[in-house]
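Subject: Structure handover

Hello,

Here is the structure I said I would pass on. My notes on the ligand site and the sheet follow below.

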Amino acid sequence: MLRLDNVTAGYGTTACLKGVTLFVQAGEIVTLLGANGAGKSTTLLAISGLVRLSRGAIALNGARIDGLPPEAIAGRGVGHVPEGRRVFPRLTVLENLQLGAYLRGDQAGVAHDLAWVFELFPLLRDRRRQLAGTLSGGEQQMLAMGRGLMGRPALLLLDEPSLGLAPKLVQVVFDVIRRIHQAGTTVLLVEQNARLALAIAHRGYILEAGAIALADTAPALADNPRVKAAYLGG
Amino acid sequence: MGLTSSILMSPFHLLLQQLANGFTIGAIYALIALGYTMVYGVIQLINFAHGEVFMVGAYLALTALLILGVAQPLTGVALAGVLTACVALAVGGCGMLGWGIERLAYRPLRRAPRLTALITAIGVSFFLQNAVMLLYGATDRRFPAFIPARRWEWGGTSLTLLQVVIWLTSGVLMVALQMLVTSTKLGKAMRATAQDPNACRLLGIPVDRIIALTFALGSGFAAVGGMLFGLYYNTVNFHDGYLTGLKAFTAAVLGGIGNIPGAMVGGLVLGILEGLGAGYLSSQWKNVFAFVVLVGLLVFKPTGLLGERVADRA
Ligand SMILES: Nc1ncnc2c1ncn2[C@@H]1O[C@H](COP(=O)(O)OP(=O)(O)OP(=O)(O)O)[C@@H](O)[C@H]1O
Ligand SMILES: [Mg+2]
């Protein structure tokens, strides 16, 4: 479904991705792990078109998407829940969700998905008239995920959805990822919580200093001594 | 309006008259102020060429009148037809002009320092002023009064049909804009673009198109303001955009720039201040009041009347 070939990209003149190659097949959950500053978010931004490539190629369902503007890439079915939530603080919860469906014309489908998002995150229903900026951090994370789902993406990029959440909410978020996947969405998941990410994913990649250091099935990575030492706390 | 009538009027009716006149010009300032405030709300840029767009709107309405050979007040179907033609040419032309200014003058500079965009705005202003001067001449052009000259009198206070038309037009347009911004998909996208353009892009919102539409919409409002201005003062001149544009900008700052209801309130308050100043102090000093207000605001309350966090209310 998604393929990155030797992707080199960065901000200004410094390249912080130095030849990243990875793929995601339809129906998979793939996790991208790595230390702070390894280039995980940059990889997702390159896929979405917010960061330009200086070399390499990105293809979605066999067609090149690198070089397209971000709104066109979203139009091809790539959803991106960015790092740090990035909800619209002075719009209401409902308006945020409605904008998630900006590209869609099917009113009935949008209404159906809104009901689904409210079912996944009942709290958002109660707060739908509240300004997003007045939600707690955890609530904003749920809103960001809900907003991403409202576009009905075929491929969902999630950037650290559990960051800063209490353990109970972390469970909620991972349950939702499981349900999104069961509903037919392919997921590329960036996570700090490597243990949970490897438990839910089919395969994983370890990114180190802008390059893929390891690629394997999730169970194999979870058993790998190097991964255990570096990312699973020994 | 004039001195002769005010001598004969009771203080109460004189006050009413100044309020009615101030309210009228204030409604026009408000229409123009909306364009400054919408653009600032969405991309934090003050489009100093906006006053010139207003002036072009007045000239486009005049052009429609010249083409149609209108020289006197009309009624019925003829009035409706001429009004439609004026609005269509002025709003359509200015909408495209606003779109073009964004596309050609501002978009390439979106990441450049503020000062660059300001200098560009001055360049665009000079260009538009000189283009209009070359096409229509440097002297005042008469703007045919095609609205019937009905007037109502009450104890010396007079109100013209044109004033009522100006109030209603502005009122309807402002309510329509407010509804567009609060309840439509485009309005939500405009507010979201103001708050986080990159997050918008990730959702598939075409941010560049939203910004260009914001310019076009604000320019359309200025065009209606231009037509009403021509009708109210009966003449237009190629440098009318400068002074009136600055006053409308003052109105936008007065209401809290970036804030749409604020621009409406700011326009009306400024118009009324000007009307009262002209009536009670001196009409020769009329144009000074706006700038006293602007300087005072910038010094004492730069966020304006309705403002605290106004920059992203679009
Ligand atoms: N906007 C930016 N401008 C310049 N450099 C940036 C920018 N964003 C990220 N970087 C740099 O790019 C490198 C990779 O950053 P990236 O955000 O992709 O890391 P990450 O793996 O997501 O880290 P984290 O786990 O902390 O989120 C870092 O060295 C970072 O400092
Ligand atoms: Mg990151």
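In the ligand site, an N or O atom in the side chain of N36(A) lies 2.9 Å from an oxygen atom of ligand 1, a polar contact being a pair of N or O atoms within 3.5 Å. Oxygen atoms of ligand 1 are also 2.5 Å from a polar side-chain atom of T42(A) and 2.6 Å from one of E83(A). On its own, ligand 1 has 630 Å² of accessible area, of which the protein covers 58% (Shrake-Rupley method, 1.4 Å probe).

This is a predicted model, in which local features need pLDDT of at least 70 and side-chain atom pairs pLDDT 80 or more, while totals for chains, interfaces and linings use all residues. Residues are numbered from 1 along each chain as written, chains are lettered from A and ligands numbered from 1 in written order, and side-chain values use heavy atoms, without hydrogens and water.

Around ligand 1 there are 13 residues (near means a heavy atom within 4 Å). Helix α1 (residues 40–48) of chain A gives the most to this shell, three residues; helices are DSSP runs of H or I with at least four residues, strands runs of E with at least two, numbered from the N terminus.

Chain A also has an open sheet of six strands with mixed pairing, in the order β6-β7-β8-β3-β9-β10; strands pair if DSSP finds at least two bridges between them. Its edge strands are β6 (78–81) and β10 (211–217) of chain A, each pairing on one side only. Strand β9 (residues 203–208) of chain A runs antiparallel to β10(A), joined by six bridges. L207(A) stands opposite I212(A) in β10(A).

Regards

Terms used. Polar contact = N/O pair within 3.5 Å; in protein donor to acceptor, adjacent residues only side chain to side chain.
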